[in-house]
Each structure stands twice: as C-alpha cells, then as structure tokens.
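Here's a quick briefing on the structure below. Have a look at it first, then read on.

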Amino acid sequence: MAIVALLLLPVVTMLLYGMDRTEDWLARGPKPPRHARGRHLRLIHGGRRQTAAPVGRGEVETEAA
C-alpha cells in the first residue's frame, strides 16, 4: 500500500498544481479592451462642457460698459 501511495504522489501533486493554476485563471477579472486603454473618448453627442461657435458665423461678443 505504501508503494502505491508513493507512485501516486507525483500524479496528485501535478493535479493539485494544475487545479490551483486553473482556479487563479478563472478568478482573474477581464482585462480592459486594447482599443480603450489610455484614451478618453467622447461617445455621447453633446458630451462636451462647452460647445464651440458654429463655423461661418462671425458673431463677436463685446463687453457692456
């Protein structure tokens, strides 16, 4: 019986190691998509805080005294 236990020891060791690696792999969160890293995209129309004046209108604001 001791001989069988010694022969199965490497198999059980590799099984435990493999299960540990698999569990760590499954527990990790997903990585952010590669195309979205380091960029700040404005995907919503009108998402800017200030809007620019329309092109072609030469309106200039003057200060009232």
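Helices (H or I, at least four residues) and strands (E, at least two) are DSSP runs, numbered from the N terminus. Going by that, Val12 sits in helix 1. What you're looking at is a predicted model, where local features need pLDDT of at least 70, side-chain atom pairs count only at pLDDT 80 or more, and totals for chains, interfaces and linings use all residues. Residues are numbered from 1 along each chain as its sequence is written, and side-chain values use heavy atoms, with hydrogens and water left out.

**Overall**
- The secondary structure comes to one helix and zero strands.
- Of the 65 residues in the protein, 0% are buried (under 20% relative accessible area, with exposed over 50% and partly exposed in between; 1.4 Å probe, protein chains only).

**Helix 1**
- Helix 1 covers residues 2-27, and its 26 residues reach 36 Å from first C-alpha to last.
- That's close to the 38 Å expected at 1.5 Å a residue, where the expected span is 1.5 Å times one less than the number of residues.
- There's a bend of about 35° at Leu8, with a proline, Pro10, following within four residues; the bend is the angle between axes fitted to the seven residues ending there and the seven starting there.
- Zero of the 26 residues of helix 1 are buried, so helix 1 lies largely in the open.

**Val12**
- Val12 is partly exposed, at a relative accessible area of 42%.
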